[in-house]
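Welcome! Take a look at it, then read on.

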Amino acid sequence: MCGIVGYSGCRTAYPLLMQGLHRLEYRGYDSAGVALMADAEEKIKVYKATGKVADLEAVAENQDCRGTVGIAHTRWATHGAPNTPNAHPHLSESGNLTLVHNGIIENYATLREQLRAKGYHFRSETDTEVLIQLIEYTEVSRGVSLQDAVRMALSKVIGAYAIIVMDRRAPGVLVAARKSSPMVIGLGENDSEFFIASDASPIAEYTRRMVYLNDEEMAVCVPGQPLSVVTLQNAEVAVDVQHVDLDLNMLEKGGYDHFMLKEIFDQPQCLEDCMRGRVLLNHKRVILSAVTEHRQALVNARRFLFVSCGTSWHAGLIGGQLIEHFCRVPAQVMYASEFRYSNPVVGPGDVVVAISQSGETADTLAAMQIARDAGATLLGVVNAVGSSIARLSDAGAYIHVGPEIGVASTKAFTGQVTVLTMMALAIAREKGSVSDCEYEQTIEELVRIPDKIQTILNQHDEIRRVAEHYKLASNVLYLGRGANYPVAMEGALKLKEISYIHAEGYPAAEMKHGPIALIDENMPVVFIATHQHIYEKTISNMQEVVARKGRILAIVTEGDTQVRQMAEHVIEVPETIDCLVPLLSVVPLQILAYYIAVGKGLDVDQPRNLAKSVTVE
Ligand code: M6R
């Protein structure tokens with residue numbers, strides 16, 4: 001989704017802004033732009049391009065890119081097509097002000113009509129241009145400073161925003177503000193320079209001292225002066241400087257062709273990091289601070305309600321199964337987008353678990369706010385440290401798998417499932433709802449999972465060869481039962497996201513209630529048929545496909561012979577206990593989707609139309 005970078009200080013802004021935009025490319029976007037300022041006597045220079053940041057660099061090449069202050073943006077189209085006029089930054093009527101914006105101004109159409117009536121002109125179809133015109137109109141008509149004009153204009157706006165405003169008449173000054181869309185300000189030595197961005201990744205190489213703006217806060221950055229933060233009501237806010245550790249090597253591809261492949265291969269290490277200090281094998285214990293600190297609420301919960309989107313929702317389905325299995329408490333799993341508008345029955349006694357890689361998903365945040373207002377306890381399972389969901393949670397557990405750059409989520413999914421397993425075990429232990437034997441056996445098996453994933457990764461060449469057979473398919477059905485049903489849906493989502501092949505994940509037994517009509521000799525069916533208590537039932541469903549001549553690719557447990565007789569292709573995963581099967585069975589499906597997409601020559605890390613962080617509803 002859209003990304004923002006801004007800089008003001010003593011360095012030349014342009015290369016720094018471009019490097020920042022490259023670091024934000026993982027979020028997914030369809031156009032990019034930059035605004036630069038050399039001094040107050042000159043016009044603000046704006047360069048824009050549709051396509052990639054490299055296309056913007058081509059446009060700006062041989063142009064005047066001087067100046068030590070600037071703002072830049074990658075746009076993921078919401079209002080108006082992905083074309084150059086709609087790309088940010090947008091200029092105000094006079095050309096004195098320019099703005100980059102993440103989010104959506106919901107009342108933009110009304111505001112635009114009001115501004116048109118005052119003589120303002122619009123060169124784009126965007127809500128963003130309305131905002132910069134509104135700021136200028138407020139400044140001129142009320143005779144107030146830029147800072148006051150930004151505050152007053154934002155108070156008229158309905159919607160979500162993270163913005164930076166730059167003023168030709170005030171070289172060096174950048175005004176940033178946020179509501180429901182993240183914004184972080186990096187501080188240079190002695191306040192000599194400021195780095196502003198929509199997440200820490202584009203600015204972490206310059207500073208680790210960061211200030212995260214809260215909703216409805218505005219920051220004024222003037223090099224040489226301390227950062228000033230006020231609320232939209234103009235109340236001063238104490239500046240909370242945090243030290244943010246971000247491993248920049250983790251942002252590089254490390255020799256892999258794509259971030260997605262690196263992230264798939266990183267999973268053994270990531271899961272070890274995720275469990276470090278939490279799974280104490282010697283003591284046969286799982287310790288999660290969220291559970292220790294919120295013991296009462298969690299042990300006495302009348303229900304666990306999981307809210308999330310996409311891959312994180314699939315992790316939620318597994319989380320629900322784990323909670324019911326270990327804690328014997330009802331669990332409900334909802335898409336955050338459905339929950340928020342469902343007039344939900346939720347309140348004190350409920351624990352709402354929000355799962356999110358980015359920690360910024362708009363629907364998940366809105367669902368949490370509803371649960372918070374109703375008095376539920378909020379637990380966050382998040383990857384991005386310091387993100388909005390992490391901060392809105394009463395308690396939480398980071399998944400600690402490092403930044404995920406590939407748009408298709410892989411290591412975040414297995415990290416989420418690992419955290420949810422630890423969480424269910426830790427709560428069950430406190431409740432006394434799990435036997436010592438099962439608790440200890442699950443812990444022992446959990447720590448073996450990274451090595452077992454490694455044995456699957458070692459088969460990637462074989463999986464690549466299998467993928468060759470499926471790259472021309474136009475539909476694929478994924479079937480699994482029990483814990484492998486969410487895995488079937490996750491496998492299907494991975495395939496459709498990056499290969500653009502239509503795929504559906506279904507509970508295997510449900511096939512006969514409809515999808516079986518699709519089965520013929522051209523229809524590939526991916527069965528996840530690992531050894532579980534419902535293995536034999538899955539085999540029966542497979543027979544139904546064989547009888548209709550469907551082509552079967554099966555994920556099986558090592559040494560399985562029964563399925564081999566029915567399937568065209570078989571990929572083996574190591575044996576494990578039922579509740580941990582998804583951590584293994586999902587991995588070959590990730591690799592399969594990856595190689596099918598690569599075989600089709602597609603952009604695996606930035607698939608069309610998708611954004612890494614979905615900050616609009
Ligand atoms: O950042 P989140 O985990 O909240 O994101 C939720 C979904 O947008 C995300 O999982 C999406 O489905 C991914 N592209 C899946 O690969």
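The shell around the ligand in this predicted model is made up of four nonpolar, eight polar and two charged residues. In total, 14 residues surround the ligand, and the closest are Ser312, Ser356, Ser358, Thr361 and Glu497.

**Around the ligand**

- The side chain of Ser358 places an N or O atom 2.6 Å from an oxygen atom of the ligand.
- Ser409 takes part through its backbone, where an N or O atom lies 2.8 Å from a ligand oxygen.
- For Lys494, an N or O atom in the side chain is 3.1 Å from an oxygen atom of the ligand.
- On its own the ligand has 410 Å² of accessible area, and the protein covers 91% of that.
- Two or more residues of the shell come from each of α10 (310-327) and α18 (484-499); α10 gives the most, with three residues.

**The six-stranded sheet**

- Six strands form an open sheet with antiparallel pairing, in the order β5-β6-β7-β8-β12-β13.
- β5 and β6 (residues 97-102) run antiparallel and are joined by two bridges; His90 has Leu99 in β6 as its bridge partner.

**Helices across the sheet**

- Helix α4 (residues 127-142) lies across β5, β6 and β7 (161-167), at about 135 degrees to β6.
- Helix α5 (residues 146-155) lies across β6, β7, β8 (174-179), β12 (217-221) and β13, at about 150 degrees to β7.

Technical notes. Residues are numbered from 1 along each chain as its sequence is written. This is a predicted model: local features need pLDDT of at least 70, side-chain atom pairs count only at pLDDT 80 or more; totals for chains, interfaces and linings use all residues. Side-chain values use heavy atoms; hydrogens and water are left out. Two strands pair if DSSP finds at least two bridges between them. Helices (H or I, at least four residues) and strands (E, at least two) are DSSP runs, numbered from the N terminus. Contact means heavy atoms within 4.5 Å. Axes are lines fitted to C-alpha atoms, for helices over the stretch in contact, and angles run from 0 to 180 degrees between N-to-C directions. A residue is near a molecule or strand if one of its heavy atoms lies within 4 Å of it. A polar contact is a pair of N or O atoms within 3.5 Å; within protein, one must be able to donate a hydrogen and the other to accept it, and residues adjacent in sequence count only if both atoms are side-chain atoms. Accessible areas come from the Shrake-Rupley method with a 1.4 Å probe; for residues, only the protein chains shown count as cover. Ala, Val, Leu, Ile, Met, Phe, Trp, Tyr, Cys and Pro count as nonpolar, Asp, Glu, Lys and Arg as charged, and the others, Gly among them, as polar.
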